[in-house]
Amino acid sequence: MKAYVLKEAGGIQNLQLTELPIPNPRRDEVLIKVKAISINPVDFKTRAGFALYDSLKDIDPLILGWDISGKVISAGSEVTTFKIGDEVFGMINFPGHGAGYAEYVVAPADHLALKPAGITHAEAAAATLAALTAWQALTVHTKAKSGSQVLIHAASGGVGHYAVQIASHLGAEVTGTSSGANRKLIKELGATFHIDYQQQQFEKLSTKYDIILDALGGDHFLRSLEAVKKNGTVINLIPDPQAAHETYPDSQSTLGIAAEKGINAVYFPVTSSGKDMEAIARLLENGILRSHISKTFDFEELPQAHAYMEPGRTVGKVVVLLNG
Ligand SMILES: NC(=O)c1ccc[n+]([C@@H]2O[C@H](COP(=O)([O-])OP(=O)(O)OC[C@H]3O[C@@H](n4cnc5c(N)ncnc54)[C@H](OP(=O)(O)O)[C@@H]3O)[C@@H](O)[C@H]2O)c1
């Protein structure tokens with residue numbers, strides 16, 4: 001099979017298309033013929049030597065990629081939930097070795113859900129790491145509910161565009177931030193209000209929020225502490241101790257700063273979960289959640305998908321499609 005191997009951290013040229021044996025599933029795993037892969041910022045950060053690189057760098061061959069959708073080709077002896085021919089999707093082994101940039105992938109059965117029949121493999125692959133992050137943020141690490149006022153930063157991005165839809169579905173009144181170019185999309189996804197960060201500073205406005213989902217980190221996290229209600233929650237997806245330290249030199253961490261101010265602050269890494277994938281599958285099936293895919297690439301062009309996403313302007317999701 002063909003797979004992209006990362007021999008060492010670096011630019012997109014370090015993603016080397018290589019011929020490897022098809023892997024064998026262990027007892028609790030299935031072997032999947034991959035139809036679509038979605039790309040996330042953690043992919044290009046890890047490729048460049050940041051994010052998960054240190055924890056993965058001794059794996060040989062190291063294959064990046066966690067988000068896949070495809071068809072079950074074979075199953076380990078203990079797998080009872082899926083059978084050969086089932087179409088499945090999920091975020092595999094995150095934050096471990098996903099090995100998703102390949103024509104065939106082995107995945108623990110309990111990291112997967114059945115792909116709803118009316119959803120394409122591209123739409124399903126998109127709704128994995130980013131959708132799980134939004135879901136776990138708003139239903140596990142805090143609970144958005146009817147009447148909650150929720151601010152979603154980077155609401156037009158991968159995580160943000162699912163978070164707007166999920167928070168709206170849970171009954172919250174949602175405000176999303178982005179540049180003006182993405183205002184229309186964010187409102188269409190269900191946000192009541194939009195803040196153009198190029199025109200307004202969200203923390204200077206009068207509205208205070210019960211929940212803020214911060215996918216930008218650093219200074220945005222610190223500014224979010226000014227925009228949250230007392231006893232509200234700021235969920236920080238990328239803690240930046242350096243930015244925190246520069247602003248509040250006596251504090252140890254971003255979370256410490258929040259605690260000093262009496263604000264609930266949460267940092268969490270998204271984790272693989274078949275149960276949460278099933279919840280996302282139901283939302284996709286019922287048309288409550290949709291994947292906005294702004295760009296697709298062929299498997300042979302996968303490194304270009306990294307280059308496309310690195311400037312941080314992605315709208316919704318970027319997906320890589322496999323033929324055959
Ligand atoms: N902790 C975790 O487990 C976890 C999980 C998932 C993601 N993350 C992290 O969360 C971050 C976001 O991930 P993602 O997949 O959503 O990224 P993404 O898709 O690349 O986000 C791009 C979006 O961010 C918007 N944006 C950029 N600067 C902004 C600003 N100053 N204010 C408001 N919006 C802005 C852009 O809109 P405009 O072009 O209109 O500016 C664009 O639509 C990444 O750093 C990722 O690594 C962490």
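Visitor: Two strands pair if DSSP finds at least two bridges between them. What stands opposite Ile235 in β13?
Guide: Val266 does. Strands here are DSSP runs of E, at least two residues long, and helices are runs of H or I of at least four, both numbered from the N terminus. This is a predicted model, where local features need pLDDT of at least 70 and side-chain atom pairs count only at pLDDT 80 or more, while totals for chains, interfaces and linings use all residues. Residue numbers start from 1 along each chain, as its sequence is written.

Visitor: How many bridges join β12 to β13?
Guide: There are 4, between β12 (residues 228-236) and β13, and the two strands run parallel.

Visitor: And what is the strand order of the open sheet?
Guide: The order is β10-β9-β8-β11-β12-β13, 6 strands with parallel pairing. β10 (193-196) and β13 (264-267) are the edge strands, each pairing on one side only. On average, neighbouring strands are turned by 15° against each other, direction ignored; axes are lines fitted to C-alpha atoms, for helices over the stretch in contact, and angles run from 0 to 180 degrees between N-to-C directions.

Visitor: Switching to domains. Which ones are assigned?
Guide: Domain 1 (2-127 + 291-321) and domain 2 (130-267), with bounds from an automatic or database domain assignment. Their C-alpha centres lie 28 Å apart.

Visitor: How many residues are in contact across them?
Guide: 8 residues of domain 1 are in contact with 10 of domain 2, contact being C-beta atoms, placed from the backbone, within 7 Å.

Visitor: Where does the ligand shell lie relative to the domains?
Guide: Both domain 1 and domain 2 give residues to the shell, so it lies between them.

Visitor: Which residues come nearest the ligand?
Guide: Of the 29 around it, Ala154, Ser156, Gly157, Gly158 and Ser179; a residue is near if its C-beta atom, placed from the backbone, lies within 6 Å. α5 supplies the largest share of the shell, 3 residues.

Visitor: What is the make-up of that shell by class?
Guide: 15 nonpolar, 13 polar and 1 charged. Ala, Val, Leu, Ile, Met, Phe, Trp, Tyr, Cys and Pro count as nonpolar, Asp, Glu, Lys and Arg as charged, and the others, Gly among them, as polar.

Visitor: Last one: how do α4 and α10 cross?
Guide: The axes of α4 and α10 (residues 274-285) come within 10 Å and cross at roughly 100°. The two helices are therefore roughly perpendicular; that label covers 65 to 115 degrees, with under 35 roughly parallel, over 145 roughly antiparallel and the rest oblique. Ala131, Leu132, Trp135 and Gln136 of α4 meet Asp276, Ala279 and Ile280 of α10.

Notes. Contact = placed C-beta atoms within 7 Å.
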